[in-house]
Amino acid sequence: EVFGIDISPEAAAVASEKGIEAYQLDIDHAALPFEADYFDLVYCGELIEHLFDPDHLLEEIYRVLKPTGICIISTPNLAGWPNRFALLLGYQPYPTAASPRNEGVGKLFIRGVEDPRGNIRVLTARAFKELLKMHHFRIREMVGCPVTINAQQPRILLSFVRFMDQFMARFPSLSTRIIAVL
């Protein structure tokens with residue numbers, strides 16, 4: 001069985017149309033509609049950074065995950081190499097925003113492009129580990145992950161960025177994204 005949770009009623013409807021039992025739910029405030037120790041696997045991709053209360057999310061995941069279950073959570077890395085480089089040059093780190101209406105403000109390469117990430121919380125690999133341990137998760141593995149690069153940039157820049165992103169993904173503390181297997 002596969003279940004899905006989304007704050008958007010439209011996204012939940014699309015998932016339902018594809019055969020997924022989907023619930024529209026604001027995980028910042030509501031409990032997951034499942035019994036304790038229900039799931040063998042929980043996947044939470046690129047969500048924790050959008051919440052006001054990530055502690056509530058982690059408490060709920062821990063509650064519904066079986067003791068032998070696996071949880072996979074991914075998030076952008078505030079201390080990833082592109083953000084360190086941007087800060088070094090005086091630009092806004094990518095997973096942060098100076099304005100919720102204009103998220104590209106102050107960012108290197110994407111200043112004039114709408115960048116609707118809506119990140120509320122930003123995590124480094126160290127903060128992510130500490131937060132997970134505080135919520136009683138046992139970290140099996142924490143890995144870095146490269147991201148898809150915006151193809152609108154000059155070819156020479158794209159080649160360099162792709163190379164750096166793949167190389168730095170070997171080091172979770174420098175990686176663009178972090179994936180935790182719990």
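I take a salt bridge to be a side-chain nitrogen of Lys or Arg within 4 Å of a carboxyl oxygen of Asp or Glu. The model I examined is predicted.

**Entry 1: whole structure.** I searched the whole structure for such pairs and found 3 salt bridges.

**Entry 2: K66 and D40.** I looked up the K66 and D40 side chains, which meet in a salt bridge with an N to O distance of 3.1 Å. I then placed the partners: K66 belongs to strand 4 (residues 65–76) and D40 to strand 3 (residues 39–45), so that distant parts of the chain, 26 residues apart, are linked. For K66 I noted a relative accessible area of 29%, which makes this residue partly exposed.

**Entry 3: R177 and E46.** I recorded a salt bridge between R177 and E46, with 3.2 Å between the closest N and O atoms. R177 sits in strand 6 (residues 177–181), whereas E46 is in the loop between strand 3 and helix 2 (54–64); the pair therefore ties together parts that are 131 residues apart in sequence. I checked the accessibility of both partners: R177 is partly exposed at 23% relative accessible area, and E46 is partly exposed at 26%.

**Entry 4: E60 and R63.** I found the closest N and O atoms of the E60 and R63 salt bridge to be 2.8 Å apart. Both residues lie in helix 2, and their separation of 3 residues is about one turn of the helix. Is E60 buried or exposed? I count E60 as buried, because its relative accessibility of 8% falls under the 20% cut-off. R63, by contrast, is partly exposed, with a relative accessible area of 27%.

How values were computed
Residues numbered from 1 in each chain as written. Predicted model: local features only at pLDDT ≥ 70, side-chain atom pairs only at ≥ 80, totals over all residues. Heavy atoms only, no water. Helix = DSSP H or I, 4+ residues; strand = E, 2+ residues; numbered from the N terminus. Buried < 20%, exposed > 50% of the residue type's maximum accessible area, 1.4 Å probe, protein only.
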